[in-house]
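Biologist: I have a chain here and would like to go through it one question at a time. Shall we start with how its helices pack?

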Amino acid sequence: MNGNPWLGLVIGLLTPLVLAGETGIAARVNGTDISNFRLERHFADYLKIQGRQVGAIRSPVVYKRLKREALQQLIDKELLWQEAGRLGVTVSDAEISASLAGMKAAFADTQGFDRALADAGFDEAGYRDYLRHELAARRVLDELAEVAPPGESEVNAAYESLKPQLDPTMDAIRAKALLRQYLTAQRMAQGREEALEKLRAKGRVDVLITL
């Protein structure tokens, strides 16, 4: 499983929307509850993605910061799911099947994937529904964060500025193409964060636990 590009997505998505036996609410987003149980499961996955273990975190300050970050992720997901519904953003069955197939490939066999779903409180039908929400949220975030690509002058300026640090064996066309990709990714990341900030500002978010 090491090096599989789907693995981080698999871990991040294996968090149930609703589980029996929930006790307590961590936050409420426009009237929709995020349970403490769901937060604890997502927090565990959040630490796995970062290569951390709960028992290895000695600082209470660091522990609380990481848990706040995990809760903010859940809040942002809920805001995006709701916005996707409002805008009518959908994901087709074919897209769901393709994504599911890629995730299954991260496991040695089908049984391993099924066990991971069961551990997260899903059957495959429920997980397909959850995945539809997740992909719709990602899609609406990209739509809200749509930005103009960097112009030639910006790419050329970046190239001239960074030229002394670039591989001297790389030709200018290749170097500029890579710089264009980098600048575009930077703009998209900034656009996504700005879009989230707008959703947070107009939404009603109540954090009901102390972190």
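Biologist: At what angle do helix H4 and helix H6 pack, and are they roughly parallel or roughly perpendicular?

Modeller: This is a predicted model. Two packed helices are described by the angle between their axes and the distance between the axes. For H4 (residues 93-104) and H6 (residues 124-144), the axes are 10 Å apart and the angle is about 105°. Angles of 65 to 115 degrees count as roughly perpendicular, and H4 and H6 are therefore roughly perpendicular.

Biologist: Which residues of H4 make the contact with H6, and how many residues of the contact are charged?

Modeller: On the H6 side the contact includes Tyr127, Arg128, Leu131 and Arg139. On the H4 side it is made by Asp93, Glu95, Ile96, Ser97, Ser99, Leu100, Met103 and Lys104. By type, the residues of the contact divide into six nonpolar, two polar and, for the charged ones, seven.

Biologist: Which element gives the largest share of the largest nonpolar core?

Modeller: That core has 41 residues, and Ile34, Leu71, Ile75, Leu80, Phe113 and Tyr127 have the most contacts inside it. Elements giving two or more residues to the core include strand E1 (25-29), helix H2 (36-49), helix H5 (110-119) and helix H8 (172-202). The largest share is nine residues, and it comes from H3.

Biologist: Which residues does Ile34 touch, leaving out those up to four places away in sequence?

Modeller: Ile34 is among the residues with the most contacts inside the largest core. With residues up to four places away left out, Ile34 touches Ile25, Ala26, Ala27, Val29, Leu71, Leu74 and Ile75.

Biologist: Where is Asn30 found, and is it buried, partly exposed or exposed?

Modeller: Most residues other than glycine have a negative phi. Asn30 is not a glycine, yet it has a positive phi of about 50°. Asn30 is found in the loop between E1 and strand E2 (32-35). Its relative accessible area is 39%, which lies between the cut-offs of 20% and 50%, so Asn30 is partly exposed.

Biologist: How many helices and strands does the chain have, and in what pattern?

Modeller: The chain has eight helices and three strands. Along the sequence they follow the pattern α-β-β-α-α-α-α-α-α-α-β.

Biologist: What percentage of the contacts with a separation of 6 or more is between residues 24 or more positions apart?

Modeller: The chain has 211 residues, of which 35% count as buried. Among contacts with a separation of 6 or more, the share from residues 24 or more positions apart is 75%.

Methods: Residues are numbered from 1 along each chain as its sequence is written. This is a predicted model: local features need pLDDT of at least 70, side-chain atom pairs count only at pLDDT 80 or more; totals for chains, interfaces and linings use all residues. Side-chain values use heavy atoms; hydrogens and water are left out. Helices (H or I, at least four residues) and strands (E, at least two) are DSSP runs, numbered from the N terminus. Buried means under 20% relative accessible area, exposed over 50%, partly exposed in between (1.4 Å probe, protein chains only). Contact means heavy atoms within 4.5 Å. Axes are lines fitted to C-alpha atoms, for helices over the stretch in contact, and angles run from 0 to 180 degrees between N-to-C directions. Angles under 35 degrees count as roughly parallel, over 145 as roughly antiparallel, 65 to 115 as roughly perpendicular and the rest as oblique. Ala, Val, Leu, Ile, Met, Phe, Trp, Tyr, Cys and Pro count as nonpolar, Asp, Glu, Lys and Arg as charged, and the others, Gly among them, as polar. A nonpolar core is a set of buried Ala, Val, Leu, Ile, Met, Phe, Trp, Tyr and Cys residues joined through side-chain atoms within 4.5 Å.
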